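Dear colleague,

I am handing over the structure that I mentioned, and I would be grateful if you could look through it alongside the notes in this message.

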Amino acid sequence: MAVDSWRIPTLVQELAAAGAHEPPSRYVRREGELPAGAAVVDMPEPIPVIDLCRLQSAAAGAMEAVKLRSALQSWGVFAVINHGIETSLMDDVMKASGEFFSQTLEEKQKCSNIVGNKQHFQVEGYGNDQVKTHDQVLDWSDRLHLRVRPEDERNLATWPKHPESFRNVLHDYAVKSEIIKETILQAMAKLMELDEAYFLNQFSDRSPVTVRINHYLPCPRPDLVLGFKPHSDDGVLATLLVDNDLVALQVLRDGIWYNVPTKPHTILINIGDFMEVMSNGIFESPVHRVVANTEKERISLAMFYGLDPEKEIEPASDLLHGVKQPAQYKTVKTKDYMAGFYEHFARGTRGSLMRAIPVHSPDARCDNLRRRCCTGDRGAASLSSSGHSETTMADCHQWNIVKIPPIVQELTAGVHEPPSQYMVCEQDRPTVTGSDMPEPIPIVDLSTGELAKLRSALEDWGLSLPGYWTWNGAKLARRGD
Ligand SMILES: O=C(O)CCC(=O)C(=O)O
Ligand SMILES: [Fe+2]
């Protein structure tokens, strides 16, 4: 049976090479999802940088862990330094990726993610997303998706043979990245007062590690497309390496998209959905996207740490305390979660299958200071054909997530600088000396109708001390009336 041709998208590289002035309609985002559809600003502070050597040191580890917690709670994404991956290895893996993408289409199609006579889609390989429906909007990028671990499950048919160095350098980079994953996950377990190995123990030698190498091409109308749709990453943790300093990656916080500065030789980390579940929502998997530009290509390499398909993911039991701190997420098998994830990912929606308690329910409110709670409307949930509720990523713009910060008393222990989330912006900083009020604070006796005095107090200072709270029903007269 011939496959429907609409299911096989044209590679973006071909579209870019054809030099069209407008992207084809299937790449054009809907109104609410256009890159400028919501406020976009630069991050108000430098991206948090975590020093992995310090994080592991006995002397400075606690301070670095406070920084890590602040980074996880403020942005969910941060950079790492002193991670042990040589600059030359980062250069090699990016160079090999660039060489792969610069080959002819024919050569790259040897690694295609569309396979067999029936031309069916598989996650691994070179191409774009799986096209499930006619109206699915595609990303303005091509990508190479590979399974790196377990090694005996590598689908070598999708692993490039050219350049020759590709397989070895990717392998070496993956081995070194493992140390980053381990260091961060140990530190996160400690932050949550869990056994240091709690998160690491969730992995086995069958747990998948996958890599996605994204190739973003210039687009004549970057205002109409996205290089990568809004999404959160599956898995426990993801690392990201980029080849240039284009402003392209953005992270969503409180309805605003923030440009995340990225540059070569800097490894960024963000936590994934599985960590959000295991931490019972203490740490949230950040929604992010990539915008396109007219000028330059960009390559990014994201490494994802997943869990065994048969493993159940659930909030760590030590983080649950009866009705005071109930599980915010249902227990779900990784493979079932992943099936739902790809279903939603293709459509650009985020499933709420795992949520045990609707986020806007009062029961979901957190009464523990280490937890975050949600207020207001968390987007218009709709029912998908499968009956599960889902929220579009565009709806996330209305999400209003209030994160409960760490206890200040904890922070004061041996910290010389308050974490960035406590620092007020320049113009709001307190001056060293304040002035006393030039006159005593106004006292208004409401029982005797001192309305003129009340008005004047409110106009001058906006506050007053009521002498006696009864109200005689008189209307406030305007000053001078
Ligand atoms: O290219 C980027 O900066 C981000 C890529 C990404 O989010 C992903 O591959 O999941
Ligand atoms: Fe991502």
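Predicted model: local features only at pLDDT ≥ 70, side-chain atom pairs only at ≥ 80, totals over all residues.

Residues are numbered from 1 along each chain as its sequence is written, chains are lettered from A and ligands numbered from 1 in the order in which they are written, and side-chain values use heavy atoms, with hydrogens and water left out.

Ligand 1 is surrounded by 14 residues, of which R212, Y216, H288, R298 and S300 are the closest (a residue counts as near if one of its heavy atoms lies within 4 Å). By class, this shell holds seven nonpolar, four polar and three charged residues (Ala, Val, Leu, Ile, Met, Phe, Trp, Tyr, Cys and Pro count as nonpolar, Asp, Glu, Lys and Arg as charged, and the others, Gly among them, as polar). Strands β8 (209–216), β9 (228–231), β14 (288–290) and β15 (298–305) each supply at least two residues of the shell, and β15 gives the most, with four (strands are DSSP runs of E, at least two residues, and helices runs of H or I, at least four, numbered from the N terminus).

Oxygen atoms of ligand 1 lie 2.7 Å from a polar side-chain atom of R212, 2.6 Å from a side-chain N or O atom of Y216 and 2.6 Å from one of S300. The protein covers 99% of the 300 Å² of accessible area that ligand 1 has on its own (Shrake-Rupley method, 1.4 Å probe).

The iron ion, ligand 2, is coordinated at 2.2 Å by H231 (NE2), D233 (OD) and H288 (NE2), and these donors follow the spacing H-x1-D-x54-H along the chain. Among them, D233, in the loop between β9 and β10 (237–242), and H288, in strand β14, link distant parts of the chain, being 55 residues apart. Donors are N, O and S atoms within 2.8 Å of the metal (3.2 Å for Na, K and Ca), and water is not among the atoms, so the site may look incomplete.

As for the backbone, most residues other than glycine have a negative phi, and most peptide bonds are trans. Cis peptide bonds, however, join R149 to P150, with omega about -5°, and H162 to P163, again with omega about -5°. P150 is found in the loop between β7 (141–149) and α6 (166–191), and P163 is placed in the loop between β7 and α6. D254, in the loop between β11 (249–253) and β12 (256–259), has a positive phi near 45°.

With best regards

Note on methods:
Polar contact = N/O pair within 3.5 Å; in protein donor to acceptor, adjacent residues only side chain to side chain.
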